[in-house]
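Biologist: Could you take me through this structure? I would like to go from the overall picture to individual side chains.

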Amino acid sequence: AQGSFMPDVSPLDLNTASAELTALPGIGPELARRIVEHRETAGPFTAVEELLEVPGIGEAKLAALEDA
C-alpha cells in the first residue's frame, strides 16, 4: 500500500498560536500580530467570530478562515 501525504489540518488554537497564525489563509505577519495583541488586551477568544473585533478581519476573511 502506498502512503499518501496528509498535511496537518488540526485546528489552530487562537489563544496560544503566535507565528503559526500566518499558516492560515490571508493571515500575514502583521495580522497575526494584531490577533495576538487583541488576545493580550481583551483576553482569550471564546468564539472564532470574535476575530471580527481584530482590525483587518472582516466578514469575508472570517468566512475564509472558517472554511480553512
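Predicted model: local features only at pLDDT ≥ 70, side-chain atom pairs only at ≥ 80, totals over all residues.

Biologist: How many helices and strands does the protein have?

Modeller: There are two helices and zero strands. Helices (H or I, at least four residues) and strands (E, at least two) are DSSP runs, numbered from the N terminus. Helix H1 covers residues 29-42, and helix H2 covers residues 59-67.

Biologist: What share of the residues counts as buried?

Modeller: Of 68 residues, 25% count as buried. Buried means under 20% relative accessible area, exposed means over 50%, and partly exposed lies in between (1.4 Å probe, protein chains only).

Biologist: What fraction of the contacts joins residues at least 24 apart?

Modeller: Among contacts between residues at least 6 apart in sequence, the fraction is 29%. Contact here means heavy atoms within 4.5 Å.

Biologist: Turning to charges, how many salt bridges does a search of the whole structure find?

Modeller: The search finds three. A salt bridge is a side-chain nitrogen of Lys or Arg within 4 Å of a carboxyl oxygen of Asp or Glu. Side chains of opposite charge can pair when their charged atoms come close.

Biologist: Which side chain does Arg33 meet at 2.5 Å, N to O?

Modeller: That partner is Glu30. Arg33 and Glu30 are separated by about one helical turn, because they are three residues apart in helix H1. Arg33 is partly exposed at 40% relative accessibility, and Glu30 is partly exposed at 39%.

Biologist: Which other residue forms a salt bridge with Glu30?

Modeller: Arg34 does, with the closest N and O atoms 3.4 Å apart. Glu30 and Arg34 are four residues apart in helix H1, so about one helical turn separates them. Arg34 is partly exposed, its relative accessible area being 27%.

Biologist: What about Arg33 and Glu37; how far apart are their closest N and O atoms?

Modeller: In that salt bridge the distance is 2.9 Å. Both residues lie in helix H1, four residues apart, or about one turn of the helix. Glu37 counts as partly exposed, at 43% relative accessibility. Through shared partners, salt bridges join Glu30, Arg33, Arg34 and Glu37 into one network.

Biologist: Now the buried residues. Where does Ile57 lie?

Modeller: Ile57 is in the loop between H1 and H2. Ile57 counts as buried because its relative accessibility is 6%. Leaving aside neighbours within four places in sequence, Ile57 is in contact with Leu31, Ile35, Leu51, Leu52 and Leu62. Ile57 and Gly26 are 31 residues apart in sequence, and their C-alpha atoms are 9.5 Å apart in space.

Biologist: Is Leu62 buried or exposed?

Modeller: Leu62, in helix H2, is buried, with a relative accessible area of 4%. Not counting residues up to four places away in sequence, Leu62 touches Val48, Glu49, Leu51, Leu52 and Ile57. The C-alpha atoms of Leu62 and Glu49 are separated by 7.4 Å, and these residues are 13 apart along the chain.

Biologist: And why does His38 count as buried?

Modeller: His38 counts as buried because its relative accessibility is 14%. This residue of helix H1 touches Gly43, Phe45, Glu50, Glu53 and Val54, not counting residues up to four places away in sequence.

Definitions and conventions
Residues numbered from 1 in each chain as written. Heavy atoms only, no water.
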